Amino acid sequence: MGWAVDVTTPHYLSIERRKWLDQLARRYPARRSVALPAVWAVQQEWGYIAPAAMEEIAEVVGITPAEVRELVTFYSMFREKPVGRSVLGVCGTLSCALCGGEGLLKYLQEKLGIKPGETTADGLFSIEVVMCLGACAWAPAMLVNDQLRVLLTRAKVDAILEKCRTDGAQ
Amino acid sequence: MALSDYKPILLDGVTDYADNPSPPTEWIDAYRQRGGYRTLERALKTMTPQEVEEAVKASGLRGRGGAGFPTGVKWNFLPKKSDLPIHLCCNADESEPGACKDRPILEQRPHLLIEGIALSAYAINCHLAFVYIRGEYHRAIDVMTRAVEEAHQAGVLGPRMLGRDFALDIVVHSGAGAYICGEESAMLNSIEGRVGWPRLRPPFPAQVGLYGCPTIINNVETLAKVTGIVEHGPAWFRSFGTEKSAGFKIYSVSGCVRRPGNYEAPMNITLRQLIEDLAGGVRGGRALKAVIPGGSSVFMLTPVYLDALMSFEGMEEAGTMLGTASVIVLDETVCIVWAVRNMLRFYHHESCGQCTPCREGTGWLFRILDRMENGRGCREDLELLKAIPSQMVGRCICALGEAACAPVLSGLKHFRREFEQHIELGRCPFEKPYLEFR
């Protein structure tokens, strides 16, 4: 059999996480509604959703692994591959683009030597292009992991990258 | 009322992100200190649900999420007799390019929204409400989750709302990066744990919505306004704005202006007042070229329409839509082909893939605009840019495909010459100084 994964043993979703999901599920009329929260929980801890994690999520939520995979591939914030420790989500939409957004992306690419969708060799940084961050009035903007950084300049970006680097050294 | 005399109601006490990137949140104690939850208390004590619904209907409040549908009328669509529970979903999936108006409410005034949800839930007899927040709004998700907990601890939410015989729970549900989930029926699927594919209508959500139950979906700004309407009465709300667009509105102004930001104003403000008086005019003293008045999904306007009212009817008369009232300003240096290409990249990326005309059409439009901007357009492309939308408009389950056509069709309508120039010269004729990052 190709299915060597033991989905009943907590691995990607810890006992605590499973309990939390069970509690959360009681607030919804249908258990399936915790599918997205379950995927989020795995991604927050592991950084991405491995195929085995999809099977475990499916088991916990009560849907099929294919349905979990459907969610992971449909929603663009879910990842199937590992990413760098600091993910730079650069807004690629019009309001930011009118305020240097394209230049910001280019600047990051030059400084880090990677393209959108790639990770630096040291595993510190990934760049993503995000479709509108809802920070249009404070352009250009990017997400640094879950932190929104607005009204960016070269000086600000330099400081952000430096901070990302030193935070990892600690 | 003169514009300068208007004092913000929703954005009262809100900090602009330009001044502080991590602005403080008005937590429950601060909210109560300035009279928060007193309206809910009074309504539960002295008003029937029907009276609350009547107040909202009489106020003329229209949905602030883009379509502008009268809120009271929408609530009225719920079946009068049903054994199924009724659900209320607050649409906090703010993702329309240009829109950032719900963010300050979610991050800084969560209890104003919770009180509005509680009043609305009372009006429609709903005991389980959802706030669907886009995944990228990490801070908003954290703040709203904590605020709901606070409200539970304070007895505002729970089995007995403020000690009265009315139960209400609010669940904060995080999206995960899909513009389409701002479409109401896609949002319902997303809350149910499915991919965000819009549903065919009829049946409409008011009949068959979340988990097959009657459901009302209202935007953050809409629900946040219910508190003021119930507190001060419909006449107060109608004292702002116009006959057909009662009240006030948060306008997001972005792009080529001196002071981009969220500006709250009565709905009889003109586009000119918004851009020149509030947002400080076009940056660098440049000339205005075009305005996208309601987020990227509406037709762009030329400066001829600057004196149009930023109301639902004012924008309709100008040949476009108020949408989310997110004004994107383009100055004379902006290449329209480049701007339209940018918007189509967005729609191509965000099309959910369910309907062929939208899935394929957005891709075709993007690729044509992309090669045109890069100097590889041909004469036939101009015809294609008109023919493809004719295959998309009105032929999809939801409005995304049609929205994607708005930048293309309005760009061609007002600036056809620019498209031709790209083809004739075999390159983009603009210098595009705004691309530079300093």
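Two residues are in contact if their C-beta atoms, placed from the backbone, lie within 7 Å. By that rule, 45 residues of chain A are in contact with 51 residues of chain B. On chain A, four helices each supply at least two residues of the side that touches chain B: H2 (35-46), H4 (65-74), H5 (94-97) and H6 (101-112). H6(A) gives the largest share, four residues. Sorted by class, this side of chain A has 31 nonpolar, eight polar and six charged residues. Here Ala, Val, Leu, Ile, Met, Phe, Trp, Tyr, Cys and Pro count as nonpolar, Asp, Glu, Lys and Arg as charged, and the others, Gly among them, as polar.

This is a predicted model, in which local features need pLDDT of at least 70 and side-chain atom pairs count only at pLDDT 80 or more, while totals for chains, interfaces and linings use all residues. Residues are numbered from 1 along each chain as its sequence is written, and chains are lettered from A and ligands numbered from 1 in the order in which they are written. The predictor gives the complex an ipTM of 0.95 and a pTM of 0.97. For chain B the mean pLDDT (the predictor's confidence in each residue, from 0 to 100) is 97. In that chain, 100% of the residues reach 70 or more.

Take chain A as a whole. Its secondary structure comes to seven helices and four strands. Helices (H or I, at least four residues) and strands (E, at least two) are DSSP runs, numbered from the N terminus. Along the sequence the pattern reads α-α-α-α-β-α-α-β-β-β-α. The C-alpha atoms fill a box of roughly 50 × 35 × 30 Å, taken along the principal axes. The domain assignment, automatic or from a database, gives domain 1 (15-74) and domain 2 (86-169). The C-alpha centres of these two domains of chain A lie 29 Å apart. Of the contacts in chain A with a separation of 6 or more, 60% join residues 24 or more positions apart.

How much of chain A is buried? A residue is buried if 20 or more other C-beta atoms lie within 10 Å of its own, exposed if 12 or fewer, and partly exposed in between, with C-beta atoms placed from the backbone. Buried residues make up 40% of the 170 residues in chain A.

Now move to chain B. Helix H6(B) covers residues 110-124. It has 15 residues and reaches 21 Å from its first C-alpha to its last, close to the 21 Å expected. The expected span is 1.5 Å times one less than the number of residues. All 15 of the 15 residues of H6(B) are buried, so the helix is largely enclosed by the rest of the structure. Just after H6(B), Asn125(B) takes a positive phi of about 65°.

The strands come next. Two strands pair if DSSP finds at least two bridges between them. Strand S1 (residues 86-92) of chain B pairs with S4(B) in the parallel sense over five bridges. Asn91(B) has Asn219(B) as its bridge partner in S4(B). S4(B) spans residues 215-219, and five of its five residues are buried. Thr215(B), Ile217(B) and Asn219(B) lie on one side, with Ile216(B) and Asn218(B) on the other.

Strands S5 (residues 248-255) and S6(B) run antiparallel, joined by six bridges. They form a hairpin with five residues between them. Ile250(B) stands opposite Glu264(B) in S6(B). Gly261(B), Tyr263(B) and Ala265(B) point one way from S6(B), while Asn262(B), Glu264(B) and Pro266(B) point the other way. All of these are buried.
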